[in-house]
Structures are given as C-alpha cells and as structure tokens.
Amino acid sequence: MENRSATSDANVGVVKQDTHATRPSKANALGDPTKADRIKQMGLDPATEIDAYFEHLGQADPEEMGLPAGEVIERYRPTLHTWGPWGAFQHGAPPAAILTHALQHCPGLPDGMRTTRVAVDLLGAVPYTEMRTRARITRPGRQILKVEAELLAEDRNGKWRAVASASAWRMAVLETTEVEKSFARPIPGPEQATEGGPLYEDWDCGYIDSIDIVNMPDPDEPEGHHRIHWVRTGKPIVAGETTDGVEYLMSMVDVANGVGASLDPREWMFMNTDLVVHLHREPEGEWIGISAKASIGPDGIGMTAAYLHDRRGPVGRSMQTLLVRPQAT
C-alpha cells in the first residue's frame, strides 16, 4: 500500500481557501438528525472525532475473514462526515471515495498509467461500522489494465460481506497535447457563482456539511430550473494520507444526483445505486464544477448525467442510475 505518509501539497482536498458559502437554515431539510443523535448512532466519541472521512486502522488478517492468505486488507473507521440523508447509512460519496483510494493504491500497479474510468456499485446500505477494503488487478497489461476493489462490512452473523464494489480502467499515458480537445462546453468559474444554494437548503447530513458549494444559473437556461454547481472540500479521504486528483473528484461527484435533481426530495426519494465516471483528463485544483440533469422514467427508475469540470475546463462525465419512490408520509 502506497502513500501512507502525512498529507502534502499534492493533497488537493486538505487546504481550503477563503470559504464563502453561507449555510442557510435547514429547519425543513431532508435528513436532519442532531449531531448528538448521530454520534450516539455511530458509536463515536466526539472528543476523538477527526477532520477526515475515514480513519485508517491498519491492516486485517485475510485468513481470519475467510480470504486467501497474502491479500492486503485495509481497515477504516468512518467519521461523522460520511453520514447521509436517506437513512441510517452513509452518503454515496464517501464509499465511492474510499473505493477509489483502494483502486489508486492497489498493490502491483505499474508506473506510467492513469485512471480513465471508475465504476462504483452500491450493493446495499453502507453502515457506520468498521469498513475494510481489498483491491486486486484483474486484467493486467502494459497499455490497458483493470483493477477492482470491494468495500466490506461485518454483518450480524460476524461475516464480512461486500456492501460496495468498484472497478477502474487504467491506460498508459502518451504525449498528445498537440491534438488535445473537448467537445463539452465551457462553464463560468466558481468566482461567478452565488453562495449556498438548494443543496444546502434541501439536504442536511454530515457529508453535505463537509463540502463547500456555490452555484449559478446555467447560461443556456438563465430562467430554468437547471443550475451549475462548483464544489470543494477541505477534508482528506483518509486522515493523514495524500488524496490525488482522481480520488478528490470521486469524493464529491456523487452530489451530481442532488444538484441535478428534478424532483423535490421532501416528496420523492431518488437514491442512486451506482456511479460511473469517465475522465479524458486528470482533474486539477480544489474546485470541481458539476453541470447535472436528472431524467425520470415512467416506472420508478431514473438517471442523472453530468459534465465534470475543473478551473481549466472539462475533465469528463458521470452517470448514475436512480431508484425513484415517493417519500413516506
């Protein structure tokens, strides 16, 4: 396992600058347990809570988990910043982030390649208990390589089972600056955005409180519902460890479902079961721009699609499948 060192300048998610997003009142927001209630539910000690999404607890013995000897199993404790709005389980972003962290640090990865696609499947509710990750190369190659990872939690019978999984394609890099291009439109930068926005007002959970969000009308739809959002976080995925650009983006891009929502979350649940991100360029810097829109089908299923940006321009796209249901009244 690489990069178990202290954070550095490469940790783009750790240092925030002049945060100006205002947190409005959340009296009517979805999912608003008090912090004291959530601390009790998660079994945490507020005196030892850390300013990251996960705390690294060392490695586990794979044979004690019924896994082959020699596998590298990393142990993590989720923090209050992982809690989500849909129920007593984590927001989708922290599991995607810790899985991407496992993919990026999988033992045996060769140099000279980068991640081009990450696909995350949420197999069930991700609890607030100890998490474990395992990653392995499943398709080795010099030009194209695939790596897969699992996020494991202990069930009531003491068995460790996968609650989320992810895979990533990695490709060998080659200088192509001469023909670099993107067909995605440019969007205004975060300095042109307004403070706060619907995501703060409609949602209340530890994860949303851990990120900064600014938004603006879509220049192509100035009077429409759709808005462009810029997000950033000052929290690393794992306390004391470096967060690279791909991990940093994956720690926030799940909010595309919220910012692209076409339904009122107080009336409808639209929970995503997956997250697929394609990157034609590695993201840079602290701000991630998200231009997202949701489509809802006639049979309780939907989809959110987003264009992803950094200050330099477009970096890729994301897709999410939605389970759409009325909120219980």
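This is a predicted model: local features need pLDDT of at least 70, side-chain atom pairs count only at pLDDT 80 or more; totals for chains, interfaces and linings use all residues.

Biologist: Which residue does Tyr 76 form an aromatic pair with?

Modeller: Phe 54. The two are edge-to-face, 6.4 Å centre to centre with 70° between the planes.

Biologist: Is Phe 54 buried or exposed?

Modeller: Buried, at 0% relative accessibility.

Biologist: How many aromatic pairs turn up in the whole structure?

Modeller: Two. The other one joins Tyr 53 and Tyr 207, with ring centres 5.8 Å apart.

Biologist: Why is that pair called tilted?

Modeller: Because the planes are at 35°, and that falls between the under-30 range for stacked and the over-60 range for edge-to-face.

Biologist: Which parts of the chain does it link?

Modeller: Tyr 53 is in the loop between α1 (35–42) and β1 (54–60), while Tyr 207 belongs to helix α4, residues 206–209. That puts them 154 residues apart. Tyr 53 is buried at 1% relative accessibility, and Tyr 207 is buried at 0%.

Biologist: What else does Tyr 207 touch, leaving aside neighbours within four places in sequence?

Modeller: Quite a list. Besides Tyr 53, its contacts include Leu 80, His 81, Thr 82, Trp 83, His 91, Ser 251, Met 252 and Val 255. Tyr 207 is also one of the residues that touch the most other members of the largest nonpolar core, along with Leu 249, Met 250 and Ile 290.

Biologist: How many residues are in that core?

Modeller: There are 56. Helix α2, residues 93–104, gives the largest share, seven residues. A second, separate core also has seven residues, among them Val 214, Met 216, Trp 230 and Trp 287.

Biologist: Changing topic: where is Asp 254?

Modeller: In the loop between α5 (245–250) and α6 (256–259).

Biologist: Buried or exposed, that Asp 254?

Modeller: Buried, because its relative accessible area is 4% and the cut-off is 20%.

Biologist: So what does Asp 254 touch, not counting residues up to four places away in sequence?

Modeller: His 91, Gly 92, Ala 93, Asn 272, Leu 275 and Gln 320. His 91 and Ala 93 are also among the contacts of Tyr 207.

Technical notes. Residues are numbered from 1 along each chain as its sequence is written. Side-chain values use heavy atoms; hydrogens and water are left out. A nonpolar core is a set of buried Ala, Val, Leu, Ile, Met, Phe, Trp, Tyr and Cys residues joined through side-chain atoms within 4.5 Å. Buried means under 20% relative accessible area, exposed over 50%, partly exposed in between (1.4 Å probe, protein chains only). Helices (H or I, at least four residues) and strands (E, at least two) are DSSP runs, numbered from the N terminus. Contact means heavy atoms within 4.5 Å. Rings of Phe, Tyr and Trp (its six-membered ring) pair if their centres lie within 6.5 Å; planes under 30 degrees apart count as stacked, over 60 as edge-to-face and the rest as tilted.
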